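Subject: Structure for you to look at

Hello,

Here is the structure I said I would pass on. Please open it first, then read the notes below it.

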Amino acid sequence: MSVARRAFIQMSVGATVGILFTPTVWVALDDVSIWTQNWPWIPRLKYGEVKSVPTVSKMCDSGCAVKVRTCAGEAFAVAGNEDNPLSGGGVCPLCANSAQVKNSPNRIKTPMLNGEEISWDKAKEVVAEKLDAAGSSVAVISGDQNGTVNEVFSALLADKGSDAFYMMPCDMQAADKAWTGLMGGYGQIGYDLEGADVVLLAGADALESWGPTVANLKAFAANGSGKFLFAGPMQTKTAAVADKWVPVPAEGMAAFTLGVAYYVLQAGMTVDVADFAPFRAMVMNDYSPAKVEAATGVKADRMAAIAKQLLAASNPVVVPGGSVAAHGAAFALNLLLGGAMKAVPEFGKAVSTAMSRSEMLNKDILEGVNADLLFVYEANPAYALPEQVKAGFTVAFDSVNTETTASADLVLPTLHGFERFDDLASPYGVADATYSLGVPVSKPSVNAACAATFVLGLADLGFETFEEVLEAKAEAVGADMDALAEGGAYVAPGETPVAAGLAANVLGKAAVPVKGSGALGLVPYTLLNVGTANRATTPNAPCTISNNQLLGDKMVVMMNSATAKQLGVGVGSKVKLSGGNGECEALVQVFEGVLTGAVAAPLGMGHTVGDEFSKGKGDNVYKILTVSSEAAAGASTWAGSTVNVAKI
Amino acid sequence: MEERRASKRCGGVLPFIIGFLATCVLGWAVIPGLFFDKVEQPVWFSHAVHVDGQGMDCESCHYFRDDGSYAGFPTNEVCAECHAVDPEEAMEAIAEAGIDPSDYDAIMKAEIGAIEDNLASGDDDMMAAEREYVVKYLIQGKEVPWLNYQFQPDNVYFSHAAHKDMTIEDMAELKKELSDVVDPSVFEAEEFPEQNCNLCHMKDIHLNDVPPAFQRNILSGYSKMTMKMWKCERCHALKGQPNACYTCHK
Amino acid sequence: MHVKEFKIKWGMVIDIDKCTGCGACMVGCQVENNIAPMTKSDPYNYAQALTKDRDDASNKLRTLTWMNVYELSNGKAFPEHETAYLPRPCMQCGNPACVPVCPVVATDKNEEGGIVSQIYPRCIGCRYCMAACPYHARYFNWWDPLWPEGMDKGLSPAASVRPRGVVEKCNFCHSRYMEAKNQARMDGEDPMNLSEGAYTTACQEICPTGAIHFGDLNNPEHAVHELHKSPNAFRLLEKLGLSPQVYYMSEREWVRKQGDNYNAGGSGH
C-alpha cells in the first residue's frame, strides 16, 4: 500500500515537473489571459467600408444638414456637411446622436390601435373610416417647421374642407404674425448674422436653441469683427460668448426694443411707410427711455448705448424672440436701421392645394385645438401643451414613443430621418432662401412607413409617394434633385424687406409689459442637449447635461443670490414652483446670470413616456407656463409667465 | 525503519521519471492540439477555381479602397459582379413557389430558375457550393461570415497600406531572425511573388482548392494563425519601425 | 522634469470665446469612441433584486466623458456676472503625470505625434493614473458598457469596446490618425507630413463654431502653429510643468487667469 501511494506521489511530482518542461502551461496561461480580454458580453465591432452619406436630420426644430457615417452600410455616427450652408460642417448636439436614436429600443415598431398591433392596411382602413366620419372637423398638428410633409398634410385638410393646421408654438409663428399679419410684409424674415457688424439678439437665444442654430453658430464664428449683444432675462449660452449681456425681462422685450427705437428715431431715421408718423409719435410719447426703464428695469443709458452702437454700424440687425409684439418692435427697428434683416421669398409649392407657410402658421395652438379627428405629426403636444389639445380620435405619427403616442388612439410609426426622404425648406431665420433634401441612408429597421406617403393614400392629392412630391418640390424650387441628393443646398438670396406699415396702433398697446401675478418671473429656457418640445434628450446626451439643469432625477432651477436671499433659499434647497395650472419640483442652484426676481427653469425634461434617458428625469416646465393673451396683437404668448416658489 | 525509508526514496526515481516523460510527451505532442477546434468555412470557396479557372487577379476581391483602407473579404456586392443573381427576382420566385425564404434546403432543392439560370459553375460540386452561397447569403442580403485565419481582436489596428511596399525579397535578408515569425519556406522560393501576402497570410492561398479548417483556440477564440504581439514587435524592431503602443492598438 | 519631444506634436487650440457649451463635441466624442450610454438597469442581470442599480448619467463621478465641457464663472454677482465654457479633452501632456505611475505600462507617451496612449487589455484598473492626472481627463469603467437593445449594431469601428475595470481617456481619436496616414500612403504622400485637415478629431469636426482647432503644433503650415503662440493663448495649470499639448485662447483676462489657477477664492467649477 505504502509503496503504491509513494510511487503515485512520486509519479505525480514527476508529471508536474514534466509538464513544466512543455509549452502547455505557458501557452494555456497566455490563452487564458487573452480570454480575459475578450468577455463574450462585450460587443465586438463590425468592419467594412466607411462612408459619409449626406442627408438631413430633423431632431432639432430647425433641422440639421448632416452626413451620416456608415460602416458596412450601418449608420454609426453623424458628421456635419461642409457643402451645405445650414451645417458648414457643424451639427447640433441633438442631431449628433441621431444614429443612436435610429437603433433605440424606444422606436415604435409597428402600427398600434389602442395598444394593439395592427397592419398598415388595417391602419389605413381605420383612418379612412374616421376621415369620412369626421367631415371637415379634421385638424393637423405638425412638429415639423419647414418640411414639405406639411404641404401634404395641409392639402389633406383642404381636401376635407378644413383649415385647422397647427404648428407647435415657435418664434417663426410670432415672426410671421408680426411681419405678415401686422405689418403686411412679404416673405419670411431672415437675419444675415454673418454679414452684420452689430447683432442685437433681443430675446433670440440664437447660439443655443433659436432658429437655424448650427447655421447661426457658423455665422457667429465666421463673423470675425461683428459685435453680438444678447438681451434677455438670463445669461444663456448665447450670452456666454456674446460681447455683452443686457438683462431684460422677457415680457419687457418689446418695450425695450421700442426704447432703443426711441433713440434711433431721435437720430432722424425714418421708414417710408404710411403709418410712420403715428409710429414715431407712439414711440416718442409712450416708450421714452424713462418710461421703458420704469416698466422693464432696463437703464435708459443702456438703451442709449445700444442705439448708438446700432446707429454707428453699417449693417446692424436686431433678432427678436418671444411675443408677437417683441417681433413687431424688432422688425420696425430693423426697418429704421435698414441693416441685415432680410425677407426670404417662399419656394413654390409642390402640392397645389397645400397651404403657404404663412397660412400654416396662422392658427394659434395655444388657444386650443378641438377636432373630431386629429393628426399629430412628429410633435408632442401631450407633453408640451397638455391642456390645449382635445380630439375625438387622435392619429399620432412618430418614430419614437412619446406622451402623445401613448395617449393617441392610433399610433403610426414613421421612418427615422435616416431611413426616409425628407427636406428642409428655408428654416426660419436663414438670410437666404435655402433648400436641402434628405435621402434614405439606412434600410428601415422596424415596420415603419413614410407618413406623407400614407396620407397621400387617403385622398387624391395628385401624388402616389412622398418621393414624387419631393421631386415636384425640387422642380418648383428650381433645384437639381441629384445635386440636392449629394448634400448641396439650393440657395436663392434673401431680399430687402418691405412692409406696408409699422402697425403703430397695435404695437403701442401690445408692447406694454404684461406679467402674471406670481412672485417671481419664470424664465424658461431651451438647451438642445436637454431636448425640445417635440424631442426628448438622446442616449448619449445625458452625460452632457450639467448639474445646473439636472441633479440625480431632480430638475435644477437657477436664480441669482439676491433672489435666493429674498426667498430664503440656497444652493440645494428643494422648492415647489407653481404657476399656470401646475406645479414643478426642483432644486435651487445659485447662478448670477439670472435677472433679480426671476427663476430660470429648463424646458424639455420631466417626460412620463419614453426611454430611460428622459423618462422621470427632472420635471416638465411646460406645466407651469402661463398662456397670456396678446390681445392687441391677436395672439397669445408664454412670455410674462410667473411662478410662486415655496420651499419644501 | 530509517534505512528502509531511505532506500524507498531512492527507488522512487523511476515513477518520477515515468511521470516526467509521460507529461513531456503529452505536453509536446498531444495537448497543444487539444487547444484548437477545427471550424470549417461557411461555404466551400475555392481560390483555385477563381484564380486558375477564371483567371481572376487577387485585386479583384482583395483591394485597397480609395481611402487607404483594405477590403479584406469581398462583400456580396463584389461577388454579385459575377454571380449575377438578382436578389429581388430570386426572392419573388421563391415566394411564387411558395417556399419559406429561410428554408435554405427547400430553395436549393426547388431549382428556382431565377437562381439556377445565373449560376456559373461547371461541375456539380462547384455548382452546389455556388448555389449554397447564393441561397444562404447573396439573395438574403447577408454577408458571408468568413473565418479569418489572421484574426486580430478589436484592440488591434492593422494597416495593410503601411505594409504594402514591403517585399519578400527584402525580408529574406532577415529570414534567420524571423524564423519564428514567418514560415521559413516563404523565403525558399526561387522566384518571389510580386505580392508580399505570404509573409503573414496562408502561403500560396491563391492556389488552394479546399480551404483548410479554421483552427479556433478553445480558450481565447483566436485563430491558430493569429499573429501574436511579439511577432509584430520583432519584425518592427528588425526593420527599425516604431514599437510604440499606438502603432498597432486602438 | 523631462518633457518628451517629437517631430510631430498633435495639439489643440481651443477658442473659449467661441465655445457656447452646446455639448455637440461631447456627443460626437462618445459616438466616435463607443462610449455606451449610461443606463441604470441591466436587462441581462438576472439577480437584480440582489444587486445595486448601475449608475445613470446624472452621476457625473461615474460618467465617461473623454471630452467634457466645464462651465466657468467670473465669480461676480448679478449683473456683473460672466460665464464661459471650457471643453476639456486629454491634454496629451509633454511630461504626463499619468505615465510614470502606471505599474504595468498600460499608458505611455512613445509614439510620434505625442499622443498619450492607453492600452485597455493591459490596464489593471489600479487608477493611479487617475489620481495623478490634474485635469481629471481619465475615466474608470465602473460598469460594463451596456447599449440598450439593438443599439450595439451601430458601433463605431474606430475604438475597441472597453470592459469594466479599466481606465480610458481621450486619445485625439487616434484611429483617425491611422486612417489619415493610410490615405496619405494611398495618395503617395508622406504619412509623417500630413496636411492641415487630413487628420481631424470627432469633436473638432462636429463643433458648430469651429472653437476647436487641431493640428501639428510643430508644423508651420498648420493653423495651430501660429494660434498657440498668440498672446491670448494659455494652458491649464501651466505651472505644474506637465506641458500639455492642448492650448486655450480667450480675450477675457479672467478666463486666462482661471486657466492658470490664479483664482484662489473664485467660484469657477
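**Where chain B touches chain A**

In chain B, 26 residues are in contact with 24 residues of chain A; two residues are in contact if their C-beta atoms, placed from the backbone, lie within 7 Å. On the chain B side, helix H2 (residues 13–34) gives the most, with 14 residues. Helices (H or I, at least four residues) and strands (E, at least two) are DSSP runs, numbered from the N terminus. By class, this side of chain B has 16 nonpolar, seven polar and three charged residues. Ala, Val, Leu, Ile, Met, Phe, Trp, Tyr, Cys and Pro count as nonpolar, Asp, Glu, Lys and Arg as charged, and the others, Gly among them, as polar.

**Before you go on**

This is a predicted model, in which local features need pLDDT of at least 70 and side-chain atom pairs count only at pLDDT 80 or more, while totals for chains, interfaces and linings use all residues. Residues are numbered from 1 along each chain as its sequence is written, and chains are lettered from A and ligands numbered from 1 in the order in which they are written.

The pLDDT is the predictor's confidence in each residue, from 0 to 100. Chain A has a mean pLDDT of 95, and 100% of its residues reach 70 or more. Within chain A, confidence is lowest in strand S26 (residues 628–630), at a mean of 81, and highest in S16(A), at 98.

**Where chain A touches chain C**

This contact takes 63 residues from chain A and 56 residues from chain C. Several elements of chain A give two or more residues to it, including helix H7 (213–222) and helix H21 (561–567). S3(A) gives the most to the chain A side, with six residues. That side divides into 35 nonpolar, 20 polar and eight charged residues.

**A sheet in chain A**

Seven strands of chain A form an open sheet with mixed pairing, in the order S5-S4-S16-S15-S14-S6-S7. Two strands pair if DSSP finds at least two bridges between them. The edge strands are S5 (116–117) and S7 (164–167) of chain A, and each pairs on one side only. Strand S15 (residues 389–398) and strand S16 (residues 410–413) of chain A run parallel and are joined by four bridges. A:Phe397 stands opposite A:Leu412 in S16(A).

**One residue: A:Lys46**

A:Lys46 sits in the loop between helix H2 (24–35) and strand S1 (50–57) of chain A. Leaving aside neighbours within four places in sequence, A:Lys46 is in contact with A:Cys71, A:Ala72, A:Glu74 and C:Pro157. A:Ala72 is 26 residues away along the chain, and its C-alpha atom is separated from that of A:Lys46 by 7.6 Å.

**Chain C as a whole**

Chain C has seven helices and ten strands. Buried residues make up 55% of its 269 residues. Its C-alpha atoms fill a box of roughly 60 × 60 × 35 Å, taken along the principal axes. Among contacts in chain C between residues at least 6 apart in sequence, 65% join residues at least 24 apart.

Regards

Notes:
A residue is buried if 20 or more other C-beta atoms lie within 10 Å of its own, exposed if 12 or fewer, and partly exposed in between; C-beta atoms are placed from the backbone.
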